Amino acid sequence: MNIARHIALIDELCFRPFPAEHAPSDVGFGAPGHHVAVLESGPGPGDGDPAQRAVTVDQFEKGRDAVYEVLASRWGDVSPFNLQTVLLRTGDEEIPEPWAWLSARADVAWLWEVRGTGRWAAVAVADRDPGDEVQLLAVVTETAPP
């Protein structure tokens, strides 16, 4: 896991123009108003080893927290953003993207308003669905969290 590379990518996404429509990108995908980067990915649906999946989740959580330490020193300490609450709200209200998408994949994120850019940056571990691969994600968006 290369934390410096992850930070450099998040920095770049804070200034990269958003695409006009939903499309794959060199780091994940983008859509009007947001970028999603897959920083790391691990065991997927065909791998079938729950123990290895748990190890990967633990490693990615440590990576997420290492990214937090660097970004918190720059953008300030923040409390974890509870995506489970956002997911529950999707049943009753329209949650904007990328928040609805992220809440379907991860339980918690580190989240900052990136000073001087009008953007928000989040880092999360997507491990909610055992049928999907585990991913360490970075999301940069102009849409404030719900």
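**View A. The hairpin of strand 5 and strand 6, in which G116 takes a positive phi near 80 degrees.** This hairpin has 4 residues between its strands. The model is predicted: local features need pLDDT of at least 70 and side-chain atom pairs count only at pLDDT 80 or more, whereas totals for chains, interfaces and linings use all residues. Residues are numbered from 1 along each chain as its sequence is written, and side-chain values use heavy atoms, with hydrogens and water left out. Helices (H or I, at least four residues) and strands (E, at least two) are DSSP runs, numbered from the N terminus. Strand 5 and strand 6 run antiparallel and are joined by 7 bridges; two strands pair if DSSP finds at least two bridges between them. L111 has A122 of strand 6 as its bridge partner. Most residues other than glycine have a negative phi, and most peptide bonds are trans.

**View B. The hairpins of strand 1 with strand 2 and of strand 2 with strand 3.** Strand 1 (residues 23-24) and strand 2 (residues 28-31) run antiparallel, joined by 2 bridges, and 3 residues lie between them. Strand 2 is also joined to strand 3 (residues 34-41), by 4 bridges and again in antiparallel fashion. F29 is the bridge partner of P24, and V36 in strand 3 is the bridge partner of F29. In the hairpin of strand 2 and strand 3, 2 residues stand between the strands, and G33 takes a positive phi near 90 degrees.

View C. The partner of strand 4 is strand 5 (residues 106-114), to which 2 bridges join it, and F81 stands opposite A109.

**View D. The packing of helix 1 and helix 2.** Helix 1 (residues 3-13) and helix 2 (residues 50-75) pack at an angle of about 55 degrees, with their axes 10 Å apart. Helix 1 is therefore oblique to helix 2. Axes are lines fitted to C-alpha atoms, for helices over the stretch in contact, and angles run from 0 to 180 degrees between N-to-C directions. Angles under 35 degrees count as roughly parallel, over 145 as roughly antiparallel, 65 to 115 as roughly perpendicular and the rest as oblique. Helix 1 contributes I3, H6, I7, I10 and D11 to the contact (heavy atoms within 4.5 Å), and helix 2 contributes G63, A66, V67, V70, L71, R74 and W75.

**View E. The salt bridge of E40 and R5.** The side chains of E40 and R5 meet at 3.5 Å, N to O. E40 lies in strand 3 and R5 in helix 1, so the pair ties together parts that are 35 residues apart in sequence. The structure holds 8 salt bridges, each a side-chain nitrogen of Lys or Arg within 4 Å of a carboxyl oxygen of Asp or Glu.

**View F. The cis peptide bond between E97 and P98.** Omega of this bond is about 10 degrees. P98 has its place in the loop between helix 3 (83-89) and helix 4 (99-103).
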